[in-house]
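Hello,

Here is the structure you are taking over. My notes come after it.

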Amino acid sequence: MADQQGTEFIRRDTFLPFFRPDLGEAELAAVTEVLRSGWLTYGPKVREFGDACGRYLDVPHAVPVASASAGLLVGLKALGVEPGDEVVLPSLTFIATLGAVVHCGARPVLADIDPSNLGLDPAAFEAAITPRTKAVIPVHLAGHPCRIEEIGAIARRHGIRVMEDAAHAFGAQVRGRRLAGLSDATVFSFYATKCITSGDGGLVTTCDPEVARRVQVLSFHGMDGNAWQRYTDKGRWYYEIVEFGWKLHLGDPAAALGMVQLARADAFMARRTEIAARFSRELAGLPGLTLPVAADWCTHAWHLFAVRVDRALIDGGRDGLIADLTANRIGSSVHFIPLHYHPVFREAGREFAPLLGQTERYFDEAVSLPLFPSMTDDEIDDVVTVVRESLRRRCR
Ligand SMILES: *Cc1c(COP(=O)(O)O)cnc(C)c1O
């Protein structure tokens, strides 16, 4: 990637990070309280947090896990993915989506995106299906739901299991329903930068009690049911290992933090939506810039505000805009480097997926602007000013 020279247009005293977590006294108090309780790891708070998430998302089973990466792995295992199976996923996602497939011993098959929502293109998914396709992992990129209903219908026709990577989309809706119970399993992230945070943390939701049970067991060494209770007054020392699992459960301090953040989820989403609306209004109509648009059938979680910069019209393209943002002390990011560009994918001898044109074009043009609930109006103004000025000067 060519290092570009940026120009300073405004004077910022401090760096505006790409993301700044919003943690208040309530979060500090909740974590302190749980530390005083003596439950440092898996305990009653994890249960409470899972139940509260389930109620919020309106789904019968919600199992907290150590991270979304962990949830994707145990979720895929719980759906029965085995060595030799094929799993379809978009190339435009974080490495964790691919890692889950590879660590199950399955063969990843990368498919292209629908550029209108950046998620897996249903037609590309269907074209990638073979008799060995066992599962598909649609990703709701940036918080915009992908065309999950169409993907689900294709999967049902072919007997393929669906696990959604909703790491960006906690609270996003499709036709008035929050993502969570639409597929065999849905995985959320509570990583520091995501919609709500527990530090590190994740959640697997499902309507299928058997999937929920296996996620629970696989994330706790393969121990049966109520093993966590063995240190309580209700507990017994005896437990059984029913299959080989991992240690990928959440802990009480993280769950306590997550409980407070969950209570703020609607307020966070409202503020994210407001910031996105301001960006959309104030950056509209700039030559060479394409803005994200929410489809009318969904509610966007606005985890990211990713714009596209046309290289033919803007000198330096996306990298030029990033250089100017950096010169003005404004953070930015790119989501994501396509999976098939990473050496690990090539070195593993995977077949090169030839039909990823939309993914490659998107990656070449994309930049994510800062967007987080505690962003001030002055900070939003600075981002708008720098983007407008950068594009004005760089317009050919
Ligand atoms: C962040 C992210 C993950 C992983 O989440 P963790 O909780 O950090 O493990 C998975 N998929 C996508 C698309 C992500 O952005």
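The notes below cover the ligand site, the core, and then some individual residues.

This is a predicted model: local features need pLDDT of at least 70, side-chain atom pairs count only at pLDDT 80 or more, and totals for chains, interfaces and linings use all residues. Residues are numbered from 1 along each chain as its sequence is written, and side-chain values use heavy atoms, with hydrogens and water left out.

Ligand site

The ligand is surrounded by 15 residues, of which Ser69, Asp165, His168, Ser189 and Lys194 are the closest.

- His168: a polar side-chain atom is 2.5 Å from an oxygen atom of the ligand.
- Ser189: a polar side-chain atom is 2.7 Å from an oxygen atom of the ligand.
- Ala68: a polar backbone atom is 2.9 Å from an oxygen atom of the ligand.

Taken alone, the ligand exposes 390 Å², and the protein buries 93% of that. Accessible areas come from the Shrake-Rupley method with a 1.4 Å probe, and for residues only the protein chains shown count as cover. Two or more residues of the shell come from each of α3 (68-78) and α4 (95-103). Helices (H or I, at least four residues) and strands (E, at least two) are DSSP runs, numbered from the N terminus.

Nonpolar core

The largest nonpolar core has 47 residues, and Leu57, Phe125, Val136, Phe170 and Leu262 touch the most other members. Such a core is a set of buried Ala, Val, Leu, Ile, Met, Phe, Trp, Tyr and Cys residues joined through side-chain atoms within 4.5 Å. Buried means under 20% relative accessible area, exposed over 50%, and partly exposed in between (1.4 Å probe, protein chains only). Elements that give two or more residues to this core are α2 (44-57), β3 (107-111), α5 (122-128), α6 (148-158), α8 (252-263) and α9 (265-282). The largest share, 6 residues, is that of α2. The core lies between domain 1 (25-263) and domain 2 (265-394), because both give residues to it. The domain bounds come from an automatic or database domain assignment.

Two arginines

Arg394 is in helix α13 (residues 377-394) and counts as buried, at 11% relative accessibility. A polar atom of the Arg394 side chain lies 3.4 Å from the backbone oxygen of Gly320. Arg318, in helix α10, is also buried, with a relative accessible area of 2%. The Arg318 side chain reaches the backbone oxygen of Ala366 at 2.8 Å.

Backbone points to check

The peptide bond from His335 to Phe336 is cis, with omega near 0°. Phe336 is in the loop between α10 (317-327) and α11 (343-347).

Ala142 has a positive phi, near 70°, although this residue is not glycine. Ala142 is in the loop between β4 (133-136) and α6, and is buried at 5% relative accessible area. His221 has a positive phi too, near 65°. His221 sits in the loop between α7 (209-218) and α8 and is partly exposed, at 33% relative accessibility.

Pairs separated in sequence

Ala26, in helix α1 (residues 25-37), is partly exposed with a relative accessible area of 45%. From Ala26 to Leu257 the separation is 231 residues in sequence and 8.7 Å in space, C-alpha to C-alpha. Val211 is in helix α7 and is buried, with a relative accessible area of 3%. Val211 and Asp184 are 27 residues apart in sequence, and their C-alpha atoms are 7.8 Å apart.

Regards

Key. A residue is near a molecule or strand if one of its heavy atoms lies within 4 Å of it. A polar contact is a pair of N or O atoms within 3.5 Å; within protein, one must be able to donate a hydrogen and the other to accept it, and residues adjacent in sequence count only if both atoms are side-chain atoms.
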